[in-house]
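Biologist: I want to learn how to read salt bridges in a model. Can you take me through a case?

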Amino acid sequence: LGAGPIVAVVTLVAALAATRSAGIALRDPDHVAALYLLLVAAAMVLLVGLDVFLRAERPPGRRRPSLAAMGRVRRERWTARRTVAVAIALVSFYVSYFAYRNLKGTIPLLRPELVDAELAALDRAVFAGQDPASLLHALLGTGIVTHPLSALYAAFIVFLPLSLALALVFLGELRAGLLWATALSANWVLGAASYFLLPSLGPIYAEPGLFADLPRSEVTRLQELLLDQRIAFLADPATAAPQAVAAFASLHVAMSFTAALAARLLGLGRRLQIALWVWLGLTIVATIYFGWHYVSDDVAGLAIGGLALLVARGLTGVVPGRDTSRGAPVRLPPGTADADDPART
C-alpha cells in the first residue's frame, strides 16, 4: 500500500528541487493533473459498480443479479480498506504525474544543451547511413497509413488512465492492481531522469524537413501545440504552462512495455497479452514514423519500462503468481488466466 506514495514523494521532492534550482514555482497552471484525477476517479466509481454487477450471483433463468446479491458483493469485495487502498494508489499516480510535468518543464532551464545531432548520427550509423523515419516513410508510405498511426499514438492518453483504472478495479487480488499502478508511476520519475541525462527535442523538431511529406493529422496538431507551448514557456517560465518536449527516452514505449510485461507476469488473458504486445510494436513504429523519437529513445524506453516493473515489484513485495506477504497465490478474476495454464487461475 505504501509503494505508490513512496514513488509519489520521491518524484515530488525531485520536482521541488528542480523547480527551486530553475527559479520557478511548482504548479499545475492548466489544472491538467487535477482534472485527470477527477475524471479517472469518476470513471472508477462507475467501474466499481460494473465490477459488483458482474461478480454478483444471478438467480436461475435471470440475466440480472438481485440487489441483495450485489449488496453482498459490494460489502465483501469493496470494503473500506480496499476502497481507501485504491484511492491512495490513484492519488499517488497523479501526484507523481503532477511532479513529473514540473520536472520535464525545467529541462530547458537546467539542461539547455541538446544532443539531437548525436542521437540522429547514432540512428544513421545503425541503419547504414539512412534515417529510420525516411525508411519507414518509404516502406509504409506517407498517405492513408498516417491517420490510423496518428489515432493510435493519440490514444495513449486514453490507454494510460484506462489501464490504471481497470487494473485497480477488476484484478481479483488488490496487490496485483497496486503492482500495476506503482509500475506505471515509477515510469514518471525514471523517464524524467532520462530527460536530464540526454536532453533532446526529437527528429520532428531537429529536422522537420524529414516529415514535410506527411499529411496533417492529430499528431501534427499536437506537435505544433507542444512547440508553441515550449516557446511560450521559454519566453516566460514563471507563468506559462510547463513545456513538455523531450525525446530521450520514450515514455510512450516505456509504459506500453511495462503494461505488456505486467500482463504477462500476472498471468492475464492471452488475448489481452497479445493485444498489449501489438500495441507496443505499433507505438514504436509510430514514434519513429512521426519523428517523436530516435531509435535510441525507444530502446531506452524499453529499459525504463522493464526497470519500472522491477522497482514496483521491490516496493510492493508482489512476486507474479504468489503474494509474498502472505505466501498465497495471487487470485485473478475468472477467465483472465491463460487457458493452458490452470495453475494461474
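Predicted model: local features only at pLDDT ≥ 70, side-chain atom pairs only at ≥ 80, totals over all residues.

Biologist: Why does 16% make Asp28 buried?

Modeller: Buried means under 20% relative accessible area. Asp28 has 16%, so Asp28 is buried.

Biologist: Which residue does the side chain of Asp28 meet in a salt bridge?

Modeller: Look for a side-chain nitrogen of Lys or Arg within 4 Å of a carboxyl oxygen of Asp or Glu. Here the partner is Arg101, with 3.2 Å from N to O. Asp28 sits in the loop between helix H1 and helix H2, and Arg101 in helix H4, so the pair ties together parts 73 residues apart in sequence.

Biologist: Is Arg101 buried or exposed?

Modeller: Buried, at 14% relative accessibility. Arg101 also forms a salt bridge with Asp30, where the closest N and O atoms are 3.0 Å apart. That pair links distant parts of the chain, 71 residues apart. Asp30 counts as partly exposed, at 33%.

Biologist: What about Arg55 and Asp51?

Modeller: They form a salt bridge too, with the closest N and O atoms 2.6 Å apart. Both lie in helix H2, four residues apart, so about one helical turn separates them. Arg55 is partly exposed at 31%. Asp51 is buried at 1%.

Biologist: Which residues do shared partners join into one network?

Modeller: Asp28, Asp30 and Arg101.

Biologist: How many salt bridges does a search of the whole structure find?

Modeller: Ten.

Key: Residues numbered from 1 in each chain as written. Heavy atoms only, no water. Helix = DSSP H or I, 4+ residues; strand = E, 2+ residues; numbered from the N terminus. Buried < 20%, exposed > 50% of the residue type's maximum accessible area, 1.4 Å probe, protein only.
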